[in-house]
Each structure stands twice: as structure tokens, then as C-alpha cells.
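This briefing covers one protein chain, grouped by topic. Please read it alongside the sequence and the structure.

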Amino acid sequence: VIYLKYPKIFSGQMAGVYVETQSAISFGKTVSDLWSDTKFKDRHTLVMLDVQRELFRDIVANLLMKYK
């Protein structure tokens, strides 16, 4: 939710993300592949890889202080 208001503090990459539906062991597991170009040809999800931690922490702290 914070990304929607402060997208500039995040960085990410488009990737294929799917939910496993064929395996009994990992049924329902989210599977993604950032670097292979053969596994997931459809890169339809923005996967966050980094955040400016200090800014993120300050934003969360300020939001929490509003609910004192």
C-alpha cells in the first residue's frame, strides 16, 4: 500500500509470477523467475527488489504516530 503513495522509494523488476497448481507438495505456492527467459515468457508482475529503508521506516513511523 505504501508503494502506491511513495513509488519512488521502491525499485523492482517485471517478472513472471504464477501459483503452482500441478504439484501436491507445493500446491498453492507462488513461483517467480526473474532471470530465466525460458521459464516464464509472460512478465506481468512488478516484483519489488529494494526499498530505501530509512525513508520507508520514517513513513511507517509517521503513519503509526497518527494513531496514538
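L49 sits in strand β3 (residues 45-51), where strands are DSSP runs of E of at least two residues and helices are runs of H or I of at least four, both numbered from the N terminus. The model is predicted: local features need pLDDT of at least 70 and side-chain atom pairs pLDDT 80 or more, while totals for chains, interfaces and linings use all residues. Residues are numbered from 1 along each chain as its sequence is written, and side-chain values use heavy atoms, with hydrogens and water left out.

**L49 and its surroundings**

- L49 has 47% relative accessibility and so counts as partly exposed; buried means under 20% relative accessible area, exposed means over 50%, and partly exposed is in between (1.4 Å probe, protein chains only).
- Leaving aside residues up to four places away in sequence, L49 touches S11, G12, Q13 and L34, a contact being heavy atoms within 4.5 Å.
- The C-alpha atoms of L49 and G12 are 4.9 Å from each other, although 37 residues separate the two along the chain.

**Aromatic rings**

- The whole structure contains two aromatic pairs; rings of Phe, Tyr and Trp (its six-membered ring) pair if their centres lie within 6.5 Å, and planes under 30 degrees apart count as stacked, over 60 as edge-to-face and the rest as tilted.
- Y3 pairs with F10: the ring centres are 5.6 Å apart and the planes stand at 75°, so this pair is edge-to-face.
- F10 also pairs with F56, with centres 6.1 Å apart and planes at 85°, which means that this pair is edge-to-face.
- The F10 and F56 pair links distant parts of the chain, since F10 belongs to strand β1 (residues 10-19) and F56 to helix α2 (residues 53-65), 46 residues apart.
- Through these ring pairs Y3, F10 and F56 form a cluster.

- L63 is a residue of helix α2.
- With a relative accessible area of 35%, L63 is partly exposed.
- L63 and I2 are 61 residues apart along the chain, and their C-alpha atoms are separated by 10 Å.

**The chain as a whole**

- The protein chain has two helices and three strands, and their order along the sequence is α-β-β-β-α.
- Along the principal axes, the C-alpha atoms fill a box of roughly 45 × 25 × 15 Å.
- Of the 68 residues, 15% count as buried.
- Among contacts with a separation of 6 or more, 57% are between residues 24 or more positions apart.
- The chain exposes about 5900 Å², of which carbon and sulfur atoms supply 59%; accessible areas come from the Shrake-Rupley method with a 1.4 Å probe, and for residues only the protein chains shown count as cover.
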